[in-house]
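Student: Please take a close look at the aromatic rings in this model. Which of them pair up, and what lies over their faces?

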Amino acid sequence: MEDVSLNNWRFGENEQVLAASKISVRGVLYSLMDCLNKEDERGSIPLGHGDPSAFPCFRTTPVAEQAVIHALTSARYNSYCPSVGILPARRAVAEYLSQDLPYKVSADDVFLTTGCNHAIDYILTVLARPNANILIPRPGFPSYESQAAFTGLEARHFDLLPEKSWEVDLQSVEALADENTVAIVIINPGNPCGNVYTYHHLKQVAETARKLGIMVIADEVYAHLTFGPNPFVPMGAFASIVPVVTLGSISKRWLVPGWRLGWLVINDLNDILRKTGVVGCIKSFSNMAADPATFMQGAIPELIEKTKGEFFTKTVELLKHTADICYERVKEIPCFFCPYKPEGSMFVMVKLNLSLLEGIHDDMEFCVKLAKEESVIVLPGMAVGLKNWLRITFAIESSALEDGLTRIKAFCARHKV
């Protein structure tokens, strides 16, 4: 075989891709999974990801299965569809979202995407221009930072305040913004904090964005998964104050993450996004983007229309039950501090007191050793922008959650100073 020098080839690894992967949730979780002790007969407990559909207590309904079967056997949903999505599916999403708003969303304002991550790609690509920047919460969802890097947008991080129920630090938002700022990202209910913003606070965010002349990107993938005193309020309720681009999907509320169907929705009662050309750019980008599978789109109307309220109620009750367990058990671990009891989504943030642990210097080292010694996977806070914190999911069977937290408590006791 010919001995060819690698110096002769003009292609190679993309350092930007490698760097982005290392800080992605999946990248970090996969590296931790490589640390698991394969000889541990107890089996591993996944407290790091947010996909509850793997557990028997969090199962989708027969309605979802029937909706897919119906769409698969229908010729109308197995042919070409426009890149923005088939009309019945867009109309169903518009009607669903309109239930929580003081106005009606039009099907023309709905763009179907291949999951919510794809919706993030859509809007950040459209907003990217030389020197532009976007404001992202810390802690937050790292896909925004990764996608911003690929599109050339500068990511600027504003703080969420744990002592104030993880509210947005509006002063830091105003300090960060300049003439090149284009948008602020709001995740509600919160990933990774489990917070649910009040109507009053969301209105403050909208008024701040209007003052700065920027749009709000509202990530509402965990919409209605709330079990505390604050009900879910969509950011689109403030579309008369500021333009809002709402991102969502069916993955969490309907427990079908593998379907990969989401949406990007324009909420803009003053028509600012159309007049400034943003909507036109979204349409143009949709001509280049991959479409969700047509039979999945075809299943949406039936899924939304026929899924009964009991299914949603049961899911929320299960999440509340496991959130309560998680919060109470975490308080029993001396080196953990949880500033806020989760009231939504599927996660809680816990602060590490490293001074009480021997031989552990940061959150990543804690998670690596925990995986090796106890076969428990927890996401280090560095993956979501908050070093020496942990993100723990409670979207798991209560018995497995109890077992996992018991193992963590034993691990911390074994490593205490």
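Tutor: A charge sits over a ring if NZ of Lys or CZ of Arg is within 6 Å of the ring centre and within 35 degrees of the ring normal. In this predicted model, R253 lies over the face of W254, at 6.0 Å from the ring centre. W254 also belongs to an aromatic cluster, which it forms with Y96, W263, F311 and F312.

As for pairs, the structure holds 13 aromatic pairs. One of them is W166 with W389: the ring centres are 5.4 Å apart and the planes are at 70°, so this pair is edge-to-face. W166 is in the loop between strand 4 (154-161) and strand 5 (167-168), while W389 is in strand 14 (residues 389-393), so the pair ties together parts 223 residues apart in sequence. W166 counts as buried, at 1% relative accessibility, and W389 is buried with a relative accessible area of 8%.

F227 and F394 also form an edge-to-face pair, with 6.0 Å from centre to centre and 80° between the planes. F227 lies in the loop between strand 7 (215-219) and strand 8 (244-249), and F394 in the loop between strand 14 and helix 14 (398-414), so parts that are 167 residues apart in sequence are tied together by this pair. F394 counts as buried, at 0% relative accessibility; F227 is buried too, with a relative accessible area of 12%.

Key: Residues numbered from 1 in each chain as written. Predicted model: local features only at pLDDT ≥ 70, side-chain atom pairs only at ≥ 80, totals over all residues. Heavy atoms only, no water. Phe/Tyr/Trp six-rings, centres within 6.5 Å; stacked < 30°, edge-to-face > 60°. Helix = DSSP H or I, 4+ residues; strand = E, 2+ residues; numbered from the N terminus. Buried < 20%, exposed > 50% of the residue type's maximum accessible area, 1.4 Å probe, protein only.
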